[in-house]
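Trainee: I would like to learn how to read a structure step by step. Could you take me through one?

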Amino acid sequence: MNITTPVIHDRHLVREAFELLKSQTEPGIFTHPKDLTILTCRNEGSLEDRIIDSLVGYDETSILEANTEYLGLDLVVLKDARLPWRNTFKFELINNYLQSGKCTTEYFMFCDAVDVIFVDHPTKVIDIFKSFQCQALFMSTSSLDGYNCMPEVLDWVHNTNGGIPRYLNSGVYIGKTSFIKELFEMSMEYALPHGVIMDEYRDYLAKEPKDYPHGSQDQDIIRYLEPKLYPRLRVDYQNKMAFRG
């Protein structure tokens, strides 16, 4: 496994990569950066409905939680008891957290709980973020989910991404806390009432609802807002920050 990014966001690879990391390092090797908050959101109780078979064993404590604890990193975990889980719960949880004033760091980083791990120090992520000279940096994926409902945004992305067939992924991102707060204030307009559950997402997109992205998932909403926020918000099309196959 020859992955050089500081983060991996790939459900098929994270367990193997974490086991390899543990075989090569001692626990607690990192000191958490004082200027960075790392946060995730998840449902309370078991994650068994949200993980693939190869991640069984990380259904009570997610692999991100186990990974950051092993490395000595501080992770803020926001939980919601409502089921079924909706990804727009993230907006409410994070917005409330940011509005509370609890986040006092210059930088804010979000990682999905179920399939993200660190394999290098978070300062590497900060350095990559700074090299883009923006206020928020999102990783990318080949998935086109949601663009059938906003073809004008897809056209804009194709004129922006340099011909690389990758698109904004909200599973890993970092930004200036002040800007992330602004982004979530905008996103809340589309997040409530809460969006579609994951099992119904494909059918929802196929219907191309007229009020889209109201009621969609968190990634769709941020994709919709991307042209309005560019170049303050940028996408890491080459995935220097986080690997995803």
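Mentor: Let us begin with sheets: two strands pair if DSSP finds at least two bridges between them, and the strands (E, at least two residues) and helices (H or I, at least four) are DSSP runs, numbered from the N terminus. Please keep in mind that this is a predicted model, in which local features need pLDDT of at least 70, side-chain atom pairs count only at pLDDT 80 or more, and totals for chains, interfaces and linings use all residues. Residues are numbered from 1 along each chain as its sequence is written, and side-chain values use heavy atoms, with hydrogens and water left out.

Trainee: Which order do the strands of the open sheet of three strands have?

Mentor: Strands of a sheet pair through backbone hydrogen bonds, either parallel or antiparallel. Here the order is β5-β1-β9, and the pairing is mixed. The edge strands, β5 and β9 (242–243), each pair on one side only. Helix α1 (residues 14–24) packs on this sheet, touching β1 and β5, where contact means heavy atoms within 4.5 Å. β1 and β9 are joined in the parallel sense over two bridges, and Val-7 has Ala-242 as its bridge partner in β9.

Trainee: How many residues of β4 are buried?

Mentor: A residue is called buried when its relative accessible area is under 20%, exposed when it is over 50%, and partly exposed in between (1.4 Å probe, protein chains only). In β4, five of the five residues are buried, so the strand is largely enclosed by the rest of the structure. Both of its faces are covered, with Tyr-107, Met-109 and Cys-111 on one side and Phe-108 and Phe-110 on the other.

Trainee: Which strands pair with β4?

Mentor: β2 and β4 pair in the parallel sense over four bridges, and Ile-38 stands opposite Met-109 in β4. With β7, β4 pairs in the antiparallel sense over five bridges, and there Phe-110 has Tyr-173 as its bridge partner.

Trainee: How many residues of helix α2 are buried?

Mentor: In α2 (residues 63–71), eight of its nine residues are buried, and the helix is mostly covered. Its buried residues pack against α1, β2, β3 (76–80), β4 and β5. The helix is followed by Gly-72, whose phi is positive, near 90°.

Trainee: How many disulfides does the structure hold?

Mentor: A disulfide is a covalent bond between the sulfur atoms of two cysteines, and the criterion used is a pair of cysteine sulfur atoms within 2.5 Å. The structure holds zero disulfides. For Cys-111, the closest cysteine sulfur is in Cys-41, 11 Å away, which is too far for a bond. At 0% relative accessibility, Cys-111 counts as buried.

Trainee: Is Thr-37 buried or exposed?

Mentor: Thr-37, which lies in strand β2, counts as buried at 8% relative accessibility. Its side chain and that of Thr-105 are joined by a polar contact of 2.7 Å. A polar contact is a pair of N or O atoms within 3.5 Å; within protein, one must be able to donate a hydrogen and the other to accept it, and residues adjacent in sequence count only if both atoms are side-chain atoms.

Technical notes
Axes fitted to C-alpha atoms, helices over the stretch in contact; angles between N-to-C directions.
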